[in-house]
Amino acid sequence: MPSRVSPSGFKPLNETTLFKPLKLGHLDLEHRVLQAPLTRMRAPEESSGVYVCSDINVEYYGQRASKGGFQLTEACPISRLACGYKGVPGIFTPGQIAGWKRVTDAVHAKGGFIYCQLWHVGRATVPDFLDGHPAVSSSDIPITGNALTGAPYANTPPKPMTVEDIQEATKEFAAAAKRALEAGFDGVEIHGANGYLLDQFLHDNVNTRTDAYGGSVEKRCRFPIEVIKAVTEAIGADKVGIRLSPYNYFQDTRDSNPNQHWAYLCEQLASLPKENRLSYVHMVEPRFDEVLDESAKLGSLEKETSSNKNSLTPFRQILAKGDIKFLAAGNYNRDNAAPKVESGDADAIIFGRWFIANPDLPRRLAEGLPLNPYDRTTFYGADPPSKGYVDYPFFEPGSKEVTA
Ligand code: PHB
């Protein structure tokens, strides 16, 4: 019988559902402690705006791989004009494919699996990052505040996409998915969350269109669903998931009725034909916010939608009707992760910050070992880049303990 607590005083989770196998699309996972997509901004620049994985990135992903584990890459731009940040490796040039191939080889060598997250930032960028081209979005509404260049986004409002632009971007998502398989990825996750391009079509405070792609929830969902169809047709639905964040505020999204609107989207996803039906949906909990703390975010949501209960569970239940697996993200830790899967409200848990600081996170949770604390100041790049990236230690007896 395993002891109820480890020598460090934490309960080992190896007997919980977190450590039961899970079939995710075509993969047989051995545990449900999954690595989040995490922007880390540490890939060197090969040519203007083109960043490619190097040794350090191979080491970082390889460190976090585990047998039968599942990792998501940082969000990867699907084209040169989908980019918004420095140091982020895309998936649109032969050099980038070759760089990522080294990453996927390192993960596979440890018996792990890895999906590439496909990203288009839409209006969350400025012409300075796009060789002078305008950012694009569903409408011409800019993000409030300043871009990373320091200039207000409002100085260069986004160009509303034409129907041709939308069709072109849809094809780019599908082409990027094929390149991801060339790079050895086991599949892809479409980034439909956090205020980036597809989310700028879903959220009704940004999408003010009156054509076939806006004006009603059905029309706001159209572009993301077309992308899902194109990507699943390109590489097979058993290799595709999507990330969604109904309650997102980041990048100035604030939907008028997330409960109703994302329930509609989930109904659509659950009833797509088998060949287009995603193997999973990955959703961000309402409590999570890139800027606000948990109580401020929840307090704010309650005010805005006081008559609605904000919870991912109704979405999970709708998606289950289509046999779509559900991955939950947002402020999970060793206490709340196992109960979430035990209750049936999620099939697996996505960990971000704890995975940054603990390359061997699955083992530490399984055995009830202490966790390394994370250093926020090195999340988005550091000097040298290895700091806070590949220098977090693996567990050794006597590691410093934190409560997590
Ligand atoms: C970020 O780099 O700030 C970022 C990127 C992708 C996300 C969320 C945040 O989904």
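I started at the ligand: one of its oxygen atoms sits 2.7 Å from an N or O atom in the side chain of histidine 191. I note that this is a predicted model, where local features need pLDDT of at least 70, side-chain atom pairs count only at pLDDT 80 or more, and totals for chains, interfaces and linings use all residues. Residues are numbered from 1 along each chain as its sequence is written, and side-chain values use heavy atoms, with hydrogens and water left out.

**Entry 1: around the ligand**

Which residues are around the ligand? I listed Thr39, Tyr85, Trp119, His191, Asn194, Tyr196, Phe250 and Glu290, where a residue is near a molecule if one of its heavy atoms lies within 4 Å of it. A ligand oxygen is 3.0 Å from an N or O atom in the side chain of threonine 39. For the side chain of asparagine 194, I found 2.5 Å between an N or O atom and an oxygen of the ligand. I use polar contact for a pair of N or O atoms within 3.5 Å; within protein, one must be able to donate a hydrogen and the other to accept it, and residues adjacent in sequence count only if both atoms are side-chain atoms.

I stayed with asparagine 194, whose phi is near 55 degrees, a positive value in a residue other than glycine. Asparagine 194 lies in the loop between strand E10 (187–192) and helix H4 (197–202); helices (H or I, at least four residues) and strands (E, at least two) are DSSP runs, numbered from the N terminus. Is asparagine 194 buried or exposed? I have it as buried, at a relative accessible area of 8%. My cut-offs are under 20% relative accessible area for buried, over 50% for exposed and partly exposed in between, with a 1.4 Å probe and protein chains only.

Aspartate 252 is in the loop between strand E11 (240–244) and H7, and is partly exposed at 28% relative accessible area. I also marked the peptide bond from aspartate 383 to proline 384, which is cis with omega near -5 degrees. Proline 384 belongs to the segment after helix H12 (361–367). As a reminder to myself, most residues other than glycine have a negative phi, and most peptide bonds are trans.

**Entry 2: histidine 282**

I moved on to histidine 282 in strand E12, which counts as buried at 0% relative accessibility. Which side chains does histidine 282 join by a polar contact? Glutamate 189 is one, at 2.9 Å, and arginine 243 is another, at 2.8 Å. Beyond four places in sequence, histidine 282 touches residues including Pro37, Leu72, Ile242, Leu327 and Ile350; contact means heavy atoms within 4.5 Å.

**Entry 3: arginine 277**

I found arginine 277 in the loop between helix H7 (258–270) and strand E12 (280–284). Arginine 277 is buried yet has no salt bridge, and the nearest side chain of opposite charge, aspartate 323, is 6.6 Å away. A salt bridge needs a side-chain nitrogen of Lys or Arg within 4 Å of a carboxyl oxygen of Asp or Glu; for charge, Lys and Arg count as positive and Asp and Glu as negative, while His and the chain ends are not counted. What does the side chain of arginine 277 reach at 3.4 Å? I traced that distance to the backbone oxygen of alanine 270. Among the residues in contact with arginine 277, neighbours within four places aside, are Ala237, Leu272, Gly322 and Ile324.

**Entry 4: helix H9 and what follows**

Lysine 321 is in helix H9 (residues 313–321) and is exposed at 62% relative accessible area. On H9 the buried residues are Thr313, Phe315, Arg316, Ile318 and Leu319, which pack against H7, E12 and strand E13 (325–329). Aspartate 323 follows H9 and has a positive phi near 60 degrees.

**Entry 5: cores**

I finished with the largest nonpolar core, which has 103 residues; Phe70, Ile91, Phe223 and Leu269 have the most contacts inside it. Such a core is a set of buried Ala, Val, Leu, Ile, Met, Phe, Trp, Tyr and Cys residues joined through side-chain atoms within 4.5 Å. A second, separate core of twelve residues includes Val88, Val121, Val126 and Tyr153.
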